[in-house]
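This report covers salt bridges, a pocket, a helix and a strand residue. Please view the sequence and model first.

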Amino acid sequence: VLQFDGVDDYAEVAYNALFNFERTDSFSMVARIRVSAISTTEIVFEKYGAAANNPGYRLVLDTTGQVRVALVDSGGGACTVDSDAEIDDGAWHTIGFTYAGTSLASGVKVYIDGVAVAMTTIYDTLAASIQGADNILFARRGTGYNDVDIADAHLYKRALTASEMLRLHYCVPISTTNLIARWKFDEGTGGTAADSSGNALNAAI
């Protein structure tokens, strides 16, 4: 577990083409997190620059504790959905999403504790490329840092099934087909969070 303090803690993975997904690719992100009171958007995971219209994708908690998934394109279009449920209760939750590569909000499913949940569509205007040469960041965007605990994050270049999402919640192994990275965040000491996928996408902390 990495406990990010909201002051200056974060983890960063140097850019690699392996996670530079396009809007026509299917992919999934899952992480176990814990967060209490929220006063600003809490970044869990993002490959998304801080500049306007910078393309990419992100998994965050919005200011009311809902899980938000956003894919943003180079022209300012976006596919953004929020879970109806909130998880800012100080308990551990497994959150994640699958994306079917459709460029539509209907192609996104948000999961909380292994179960697909009801969502509200915020934007559904994705039309251009979401690719960009940005690093992956945990618990940080630009000069902002977030107070969140994160454990065992997975990134896949495929849409996981509902059964697989449930298995990950219960820490049951699933197929590693198209596993891009897995950060267990269990090192305890040191300045590196190892990627156990075999792709060597280690995070600096």
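R182 forms a salt bridge with D152, and their closest N and O atoms are 2.8 Å apart. A salt bridge here is a side-chain nitrogen of Lys or Arg within 4 Å of a carboxyl oxygen of Asp or Glu. The pair links distant parts of the chain: R182 lies in strand β16 and D152 in strand β15, 30 residues apart. Helices (H or I, at least four residues) and strands (E, at least two) are DSSP runs, numbered from the N terminus.

D152 counts as buried at 18% relative accessibility. R182 counts as partly exposed at 25%. Buried means under 20% relative accessible area, exposed over 50%, and partly exposed in between (1.4 Å probe, protein chains only).

## Basis of the model

The model is predicted: local features need pLDDT of at least 70, side-chain atom pairs count only at pLDDT 80 or more, and totals for chains, interfaces and linings use all residues. Residues are numbered from 1 along each chain as its sequence is written, and side-chain values use heavy atoms, with hydrogens and water left out.

## Other salt bridges

The whole structure holds five salt bridges. One of them joins R58 to E46, with the closest N and O atoms 3.0 Å apart. R58 sits in strand β5 (residues 56–61) and E46 in strand β4 (residues 42–48), twelve residues apart. R58 is buried at 13% relative accessibility. E46 is buried too, at 1%.

R158 forms a salt bridge with E164, the closest N and O atoms being 3.0 Å apart. R158 and E164 are both buried.

## The largest pocket

Which residues line the largest pocket? They are D152, H154, Y156, L168, C171, V172, P173, I174, T176, L179 and R182. The pocket has about 180 Å³ of space. A pocket is an open set of points on a 1 Å grid over the protein atoms alone, where a 1.4 Å probe fits, with protein on both sides within 12 Å along at least five of seven lines; lining residues have an atom within 4 Å of a point. Grid points are joined across faces, edges and corners, and the volume is the space filled by probe spheres set on them.

Two elements give two or more residues to the lining: β15 (147–156) and β16 (179–183). The largest share, three residues, comes from β15. By class, the lining has seven nonpolar, two polar and two charged residues. Ala, Val, Leu, Ile, Met, Phe, Trp, Tyr, Cys and Pro count as nonpolar, Asp, Glu, Lys and Arg as charged, and the others, Gly among them, as polar.

## Helix α1

In helix α1 (residues 162–169), E164, M165, L168 and H169 are buried. Seen down the helix axis, the buried residues fall within an arc of 145°, so they line one face of α1. The arc is that of the directions from the helix axis to the C-beta atoms. These buried residues pack against β3 (27–34), β8 (92–99), β9 (108–112) and β15. Contact means heavy atoms within 4.5 Å. After α1 comes C171, whose phi is positive, near 60°.

## I180 in β16

I180 is found in strand β16. I180 is buried, with a relative accessible area of 6%. Not counting residues up to four places away in sequence, I180 touches L18, F19, F21, L155, Y156, K157, D195, S197, N199 and L201. I180 and H154 are 26 residues apart in sequence and 7.9 Å apart in space, C-alpha to C-alpha.
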